[in-house]
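Please open the structure in the viewer and keep the selection tool at hand.

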Amino acid sequence: MAIVAFSSWIAHQLEQGIEVVDIYLNKAHFPVTVLGPGKRIGLWLQGCSLRCRGCVSRDTWDRDDSHKISVELLLDWCKSVSADGLDGVTISGGEPFEQPEALLVLLQGLTDWRNSLSQPFDILCYSGLPYSVLENNFANLLGFMDAIIPEPFLEDRPADGPWRGSDNQPLLVLSEFGKSRDWQITDSPGGRHMQFVTDDERIWFIGVPRPGDMERLRGRLLEQGIELSSCSWKA
Ligand code: SF4
């Protein structure tokens, strides 16, 4: 199944004169199969001030109005691409909790939508903030999530399980529905799968690479005569 990119869809919507407001988004893709179990929508919010050493998503750090879009349009896109079935929505970044008001609207919309479905999907969120900070400041947002992977990424502590970047990052189940999910199901039990999406002149790499994977990939591509520029994992 071809992966659908939000960027192509929104370009068409903008041509129709639909207003762009509300949330800073880096990208959205479906189906994503490497950031949580099953077939998922992946939403990467734009903006992160945490600056973890070794972050492979440096393109999500800076925020400007070119990334701003309507939450409602984003929800419409989610519904349009996943009509044939959806296991979950993964919200990543960037740091999603740096946009608490917009994230709340997004989570409310996702929850209303899934409550209308006979087969509800789960909501998994990544954050680079310590869980104690999230609990103390964003309990209202956590209340909409089924699971979260918090804590800053630590480059020198690679994780061996699925979905997590470093081993200090637990997968915490937050809801009764979340308890009914098997969060360890993965199509790559012995390693890490990545997905690749082309979008105009860019290639999106989706997933959680092991340390050095992206540079190894860049070297392999270079051997084939393909040079990547402006890599999101390099300064
Ligand atoms: S790993 Fe996540 S939290 Fe850390 S700098 Fe990168 S985007 Fe921000």
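A crossing of two helices is called right-handed if the near helix is turned clockwise from the far one, and left-handed if it is turned anticlockwise by less than a right angle. The model on display is a predicted one.

**First stop: a pair of helices**

Select residues 71-81, which form helix α2, together with residues 100-115, which form helix α3. Their axes come within 10 Å and cross at roughly 35°. The crossing in which α2 passes α3 is right-handed. To see the contact itself, show the side of α2 that contributes V71, L74, L75, C78 and K79.

**Second stop: aromatic pairs**

The rings of W113 and F121 form a tilted aromatic pair, with centres 4.7 Å apart and 55° between the planes. Are these two residues, W113 and F121, buried or exposed? Both W113 and F121 are buried.

The structure holds 3 aromatic pairs in total. For another of them, select F97 and F138, whose rings are also classed as tilted, at 5.3 Å centre to centre and with 50° between the planes. F97 lies in the loop between β5 (88-92) and α3, whereas F138 lies in the loop between α4 (131-137) and α5 (139-142), so this pair ties together parts that are 41 residues apart in sequence. F97 and F138 are both buried.

Side chains of opposite charge can pair when their charged atoms come close. Across the whole structure, 10 salt bridges are found. Begin with D122 and R181, which form a salt bridge whose closest N and O atoms are 3.0 Å apart. Because D122 lies in strand β6 (residues 122-126) and R181 in the loop between α6 (176-179) and β9 (195-199), the pair ties together parts that are 59 residues apart in sequence. D122 is buried, with a relative accessible area of 0%, whereas R181 counts as partly exposed at 25% relative accessibility.

Turn next to R51 and D62, which form a salt bridge with the closest N and O atoms 3.4 Å apart. Where do the two partners, R51 and D62, lie? R51 and D62 both lie in the loop between β3 (40-45) and β4 (68-69), so their pairing ties together parts that are 11 residues apart in sequence. At 39% relative accessibility, R51 counts as partly exposed. D62, with a relative accessible area of 52%, is exposed, because the class begins over 50%.

Finally, select D167 and R157, whose side chains meet in a salt bridge at 2.8 Å, N to O. D167 and R157 are each in the loop between β7 (147-149) and β8 (172-173), and they stand 10 residues apart. D167 is partly exposed at 39% relative accessibility, and R157 is partly exposed at 37%.

Notes:
Residues are numbered from 1 along each chain as its sequence is written. This is a predicted model: local features need pLDDT of at least 70, side-chain atom pairs count only at pLDDT 80 or more; totals for chains, interfaces and linings use all residues. Side-chain values use heavy atoms; hydrogens and water are left out. Axes are lines fitted to C-alpha atoms, for helices over the stretch in contact, and angles run from 0 to 180 degrees between N-to-C directions. Helices (H or I, at least four residues) and strands (E, at least two) are DSSP runs, numbered from the N terminus. Contact means heavy atoms within 4.5 Å. A salt bridge is a side-chain nitrogen of Lys or Arg within 4 Å of a carboxyl oxygen of Asp or Glu. Buried means under 20% relative accessible area, exposed over 50%, partly exposed in between (1.4 Å probe, protein chains only). Rings of Phe, Tyr and Trp (its six-membered ring) pair if their centres lie within 6.5 Å; planes under 30 degrees apart count as stacked, over 60 as edge-to-face and the rest as tilted.
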